[in-house]
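Open the structure in your viewer and keep the selection tool at hand. The stops below say what to select and what is there.

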Amino acid sequence: MERRVALRNIAFIVGSAISIPSWADGLSKTTTYQPGTSLSAEDNPLLASVADAIIPDTDTPGAKELGVPALIQKILADCYEKEVNDSFYKGMNWANDKAKTDNGKPFADCTTAQRLAILKQVQSEDPASDQAKFIKMAKELTILGYTSSEYVVTKINKYVMIPGHYYGNVPLNYVDPNARN
Amino acid sequence: MANILIDSKKTMTYDAIVIGTGISGGWAAKELCEKGLKTLVLERGRDVKHIMDYPTANLEPWEFPHRGKGTLEMQRIYGKAANETNPFLLKADEQPYIQEKPFKWTRGYHVGGKSLLWARQTQRWSDFDYEGPLRDGYAVDWPIRYADVAPWYSHVEKFVGISGNRDGLASLPDGEFLPPMETSIVEQHLKGIVEKHYSDRHIIYGRCAHITKPQPIHSQQGRAQCMNRTLCNRGCPLGGYFSSNASTLPWAQRTGHMTLRPHSVVHSIIYDEKKGKATGVRVVDGESKQMLEFYARIIFVNASALASTQILMNSTSSRFPNGLGNDSGVLGKYISWHNYRGHVNASYDGYMDRRTDGRTPTNSYIPRFRNLEKHNMDFLRGYATGLSAGRGFARSQEGLGEDLKKHLTNPEYGEWGVGAWMMGEIIPIESNQIKLHPDLKDQYGIPELVLSCDWTENDDKMVKDYMEQLTEMFTIAGFKNIQSNDSHSAPGSDIHEMGGARMGRDPKTSILNKWNQVHSCKNVFVTDGACMASTSTQNPSLTYMAYTARAANHAVEEIKKMNI
């Protein structure tokens, strides 16, 4: 245990002394939402309700509680071309309109069952359509954000950066004394 | 004025110049500096200082602002494959090349080169490998044998730190090993069954350049035991695996004899017609684009196989109109690589009460068994196999809502997964070659490379046999869902490109002699992948390191004897 903590501390100290080289400029420049991309601030509740529908908060945190909607917005803005953003936005609005037609209220106000029903319909649309591409991407990014969140990485997956060992044969119920809990 | 010029020429003059800072360049720097030679080490890319320049090494998955995805800005600079975790990307416009046939050329243009990006597998060659060309007549006979290289393997292994088991196999000689890493119980299961069923097949711990038990020589380098982070390619802050950055370059620096010059793109080697030898190199400064000259008594070319060959081809003079040392006309020809096309995967439902814990940076290894003692297949040479088996959670990305969440967080372990990949020998043929484009030049004014390399029928036959044999072994072991696949990946995808300036006994059919010296220009040494007369199946880096140390030792002896 001590060895692991000590190493982590060394690693942290070393890490904090790093000056970011020029290749990493992109990291700081584009991490904030830039005007001109197709996601506007009022889309947030809709996007949040979509991510929430895909991975809901239950007895454990879901996408919403883990801040995944904001992350999706950031990744879309920083990592994808405008055309991809436009298509995503259109597809998301298509789902919202569908909610209004089917249930008489916006997607965000629908019940969990209604939201899932709509998203499943969106999934069954022509794969080349904006709406089908939207749900595919929304699911992909929600899963990415969720599975790489600190909560899932540490509490569910019990990932440790520095295991300090590899054992090729342990009982199924083996508990690494150094593992996170 | 004249005096200033003389002075400046003096400051540009060294005992030795090393071109490149990767696996072999780092070794050339270390050996030459240790022997007291004032050495200029040239690197075409930026500096990468051990630890300090590993900005992502200690980041947790959630600490990446885009969870690993490359921003548009990064994609613009480094290409579509850019990602946040890898700080050692090549700029997309750095060095264009022309593919007459598809070729994937992976380059490490920064201090440390591909020694920061390698898979760290380190297997020695045996005489079965060295004698391949002589036996079947394809390619030229190696001018050296295992006995020539063995002491140099030992020399580099002790310094590098190689974990491995002494297996006593003639096909894969033992080395100077630190304790081996473990392999999983399912790999052990397969080993037991395969070794019982076949007299000629063995499954061993993959020997790798990871420190499992630090020796004083490793502590002196400031390197520590591998802690199984398996984040190796972000740079290892512990120096747990070998890289030029963690090991040879700081060691060379400490002698006080090394001058490291990043942003130095070598244009060509200067040949002095009167002296009948090379006198230095022409360098384009990567930032100012100015042409500079540096001078030295000996030159080590370690720019990576294709880039080293490119430098020789671009080094023309009245004596060598077709490239330095190219009297034979074979410079740039007989380019080869490794055949990694075959993959076989399976699952296994035995040992369901067992699992693994922690992470391993290595894998199991099946040394070559085809055409080993005698040639008896319908293809030439053979293949080695990388192999690993592990067990993860039974998770899927099915469904939406609570269903999806349940799948993503399933705490139950699934069946064992087993994967095997092929490492096959390529037969070097003349038509697999590179040349300089007559007109197109890169941003440094250096002619672009034209690559024309393709698979042969021998490779196809070997992939077929590989998939059959692995399927057979997996079947005997009781594995299920066995799937084999020929990726048909482009040559070079293995990142083991070799040849271009091959070694040989006869100057009429080779560029380098048994000491990696250019036959006709003895003070130029090429000790990276360009020197390879054949490829065998082993991951090549360890062999480059051994050749480099051996050649550096010879160079210094020759200097003492005033022969060069």
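Angles under 35 degrees count as roughly parallel, over 145 as roughly antiparallel, 65 to 115 as roughly perpendicular, and the rest as oblique. This is a predicted model, in which local features need pLDDT of at least 70 and side-chain atom pairs count only at pLDDT 80 or more, while totals for chains, interfaces and linings use all residues. Residues are numbered from 1 along each chain as its sequence is written, and chains are lettered from A and ligands numbered from 1 in the order in which they are written.

**Stop 1: two helices of chain B**

Select residues 146–160 (helix H6) and 541–560 (helix H13) of chain B; they pack at an angle of about 105°, with axes 8 Å apart. Helices (H or I, at least four residues) and strands (E, at least two) are DSSP runs, numbered from the N terminus. Axes are lines fitted to C-alpha atoms, for helices over the stretch in contact, and angles run from 0 to 180 degrees between N-to-C directions. H6(B) and H13(B) are therefore roughly perpendicular to each other.

Next, show Val149(B), Trp152(B), Tyr153(B), His155(B) and Val156(B) of H6(B), which meet Leu542(B), Met545(B), Ala546(B), Ala549(B) and Arg550(B) of H13(B). Contact requires C-beta atoms, placed from the backbone, within 7 Å.

**Stop 2: between the chains**

Now display both chains: 54 residues of chain A are in contact with 46 residues of chain B. On the side of chain A that touches chain B, strand E1 (166–171) is among the elements supplying at least two residues each. E1(A) gives the largest share, six residues.

**Stop 3: paired strands**

Strands pair if DSSP finds at least two bridges between them. Finish at Tyr167(A), which stands opposite Asp357(B) in E13(B).

Note on methods. Two residues are in contact if their C-beta atoms, placed from the backbone, lie within 7 Å.
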